[in-house]
Amino acid sequence: MDALIEWIYDTRLSWFITTYGWLWPINESLHFCGLTMLAGTVGLFDLRLLGFVKGIAPSTLHRTLRWGLAGFVVSVITGVQFIFGAPEQYFYNNAFKLKVVFLVLMGTNAALFYRREFAGVQILGPHDDAPRSAKLVAGASLLFLVGVMLSGRMLTFFRPPYFFSP
């Protein structure tokens, strides 16, 4: 792990992030904006499948998910920059490891949704009830999304001491 951290610190990206102090707060703002876009679109879609806001067809809400995907991309780009700015603060942090687990679960759940549930959900109209299997996937999606957000927030509380300095 130390070799990977040392390699990261030797990159130009790490140098750029650690040299320009204004970049970190800008990335934090963008990271949270991306997360908000993701949580807002995916969360509302999942809530619709669970039976809330039933006056809107799921296909209508599904069209907003491209904004959630854009938010996810922004969060990934800024998250990678955080790692390149202080890798030991992430690789030795149990909250970060938990966040990665929730991200993998989120991706796996999304793949399951599109493989098994999407076709049946797309044909639902306003006020139609989603199948129980789609509700289970939507509930898991919300659970994993909250897990990502909570473990991300806990990063600063479980920050390990610096193991070596750049």
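Reader: Which helix is the place of Glu117?
Author: This is a predicted model, with pLDDT of at least 70 needed for local features and 80 or more for side-chain atom pairs, while totals for chains, interfaces and linings use all residues. Residues are numbered from 1 along each chain as its sequence is written, and side-chain values use heavy atoms, leaving out hydrogens and water. Helices here are DSSP runs of H or I with at least four residues, strands are runs of E with at least two, and both are numbered from the N terminus. On that basis, Glu117 sits in helix H7.

Reader: Is Glu117 buried or exposed?
Author: Take the cut-offs to start: buried is under 20% relative accessible area, exposed is over 50%, and partly exposed lies in between (1.4 Å probe, protein chains only). Glu117 has a relative accessibility of 11%, so the residue counts as buried.

Reader: What does Glu117 touch?
Author: Contact means heavy atoms within 4.5 Å. Phe82 is 35 residues away from Glu117 in sequence and 35 Å away in space, C-alpha to C-alpha. Leaving out residues up to four places away in sequence, the residues touched by Glu117 are Leu112, Ser133, Ala134 and Val137.

Reader: How are H7 and H8 oriented to each other?
Author: Axes are lines fitted to C-alpha atoms, for helices over the stretch in contact, and angles run from 0 to 180 degrees between N-to-C directions. Those of H7 and H8 come within 8 Å and cross at roughly 160 degrees. Angles under 35 degrees count as roughly parallel, over 145 as roughly antiparallel, 65 to 115 as roughly perpendicular and the rest as oblique. So H7 and H8 are roughly antiparallel.

Reader: How many nonpolar, polar and charged residues does the contact of H7 with H8 have?
Author: Residues making this contact include Leu98, Phe102 and Glu117 of H7, with Ala134, Val137 and Phe144 among those of H8. For the classes, Ala, Val, Leu, Ile, Met, Phe, Trp, Tyr, Cys and Pro are nonpolar, Asp, Glu, Lys and Arg are charged, and the others, Gly among them, are polar. The tally for H7 with H8 is 16 nonpolar, six polar and two charged.

Reader: And how does H2 lie against H5?
Author: H2 (residues 12-19) packs on H5 (residues 65-85) with axes 8 Å apart and an angle of about 85 degrees. That makes H2, relative to H5, roughly perpendicular.

Reader: Which residues of H5 does H2 meet?
Author: From H2 come Leu13, Ser14, Ile17 and Thr18, and they meet Gln81, Phe84 and Gly85 in H5. By class, that is three nonpolar, four polar and no charged residues. On the H5 side, then, look at Gln81, Phe84 and Gly85.

Reader: Which residues are linked in a network of salt bridges?
Author: A salt bridge puts a side-chain nitrogen of Lys or Arg within 4 Å of a carboxyl oxygen of Asp or Glu. Lys54 pairs with Asp129 at 3.5 Å, N to O, and these two are 75 residues apart, in the H3–H4 and H7–H8 loops. Lys135 also pairs with Asp129, at 3.1 Å. The network is Lys54, Asp129 and Lys135.

Reader: What is the relative accessible area of Asp129?
Author: Lys54 is partly exposed at 26%, and Lys135 is partly exposed at 24%. Asp129 is partly exposed too, at 45%.

Reader: How many helices does the protein chain have?
Author: The C-alpha atoms fill a box of roughly 55 × 25 × 25 Å along the principal axes, and 39% of the 166 residues count as buried. There are zero strands, and the helix count is eight.
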